[in-house]
Amino acid sequence: MTRKRIFKIVAIVVLLWFAIFVIDWITVNSFDYPPVFCIKDTNETHYNGLGYSYDAYPHPVNGEFEYCLYIFGNEVISTFTNEKSIIDSSL
């Protein structure tokens, strides 16, 4: 009986986390707006969520909204247009 209860609780928590993650992803990816369920870091462009984070801001030259999604600290998606030139110049 307790295994079923624990499994249900874990399943609900995972589904809730997934729903929050998807809402933030849709907000950033489709609506070009900072994530809803993330906390803004001291850096004005970094947002921390539960197990994921975003760097999101409008591009300073062309004004297009750009973001980078990190899941558990690993970069997953990046729409930064000049990311390669920044990496090359730091070497």
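In which strand is Glu 75 found? Select Glu 75 and you are in strand β5, residues 74–78, where strands (E, at least two residues) and helices (H or I, at least four) are DSSP runs numbered from the N terminus. What you have open is a predicted model, in which local features need pLDDT of at least 70 and side-chain atom pairs count only at pLDDT 80 or more, while totals for chains, interfaces and linings use all residues. Residues are numbered from 1 along each chain as its sequence is written, and side-chain values use heavy atoms, with hydrogens and water left out.

**Whole chain**

Begin with a cartoon view, in which the protein shows 2 helices and 5 strands, following the pattern α-β-β-β-β-β-α along the sequence. Colour next by pLDDT, the predictor's confidence in each residue from 0 to 100; the mean is 87, and 89% of the residues reach 70 or more. Confidence is highest in α1, at a mean of 95, and lowest in helix α2 (residues 83–90), at 46. Over residues 84–91 pLDDT stays under 50, and the model has 0 contacts there beyond four places in sequence, a contact being heavy atoms within 4.5 Å. Where pLDDT is low, the predicted coordinates should not be read in detail.

**Helix α1**

Within α1, show Phe 21, Asp 24, Thr 27 and Val 28, which are buried, that is, under 20% relative accessible area with a 1.4 Å probe and protein chains only, where exposed means over 50% and partly exposed lies in between. The buried residues of α1 pack against β3 (52–58) and β4 (65–71). Ile 23, also in α1, counts as partly exposed because its relative accessibility is 40%; its C-alpha atom is separated by 7.7 Å from that of Val 36, 13 residues apart along the chain.

**The core**

Now select Phe 21, Val 28, Cys 38, Tyr 47, Tyr 52, Tyr 54, Ala 56, Phe 65, Tyr 67 and Leu 69, the 10 residues of the largest nonpolar core. The elements that give two or more residues to this core are α1, β3 and β4. Such a core is a set of buried Ala, Val, Leu, Ile, Met, Phe, Trp, Tyr and Cys residues joined through side-chain atoms within 4.5 Å. Centre on Val 28, whose contacts, leaving aside neighbours within four places in sequence, are Tyr 33, Pro 34, Pro 35, Tyr 54, Phe 65 and Tyr 67.

**The sheet and its edge**

Turn to the open sheet of 5 strands, ordered β1-β2-β3-β4-β5 with antiparallel pairing. Because β1 (39–40) and β5 stand at the edges with a single partner strand each, one side of each is left without a neighbour in the sheet. Two strands pair if DSSP finds at least two bridges between them, and β4 and β5 pair in the antiparallel sense over 4 bridges. Select Leu 69 and its bridge partner in β5, Ile 77, then move to the hairpin of these strands, which has 2 residues between them and where Phe 72 takes a positive phi near 50 degrees.

Finish back at Glu 75, which counts as partly exposed because its relative accessibility is 43%. Glu 75 and Tyr 54 are 21 residues apart in sequence and 9.4 Å apart in space, C-alpha to C-alpha.
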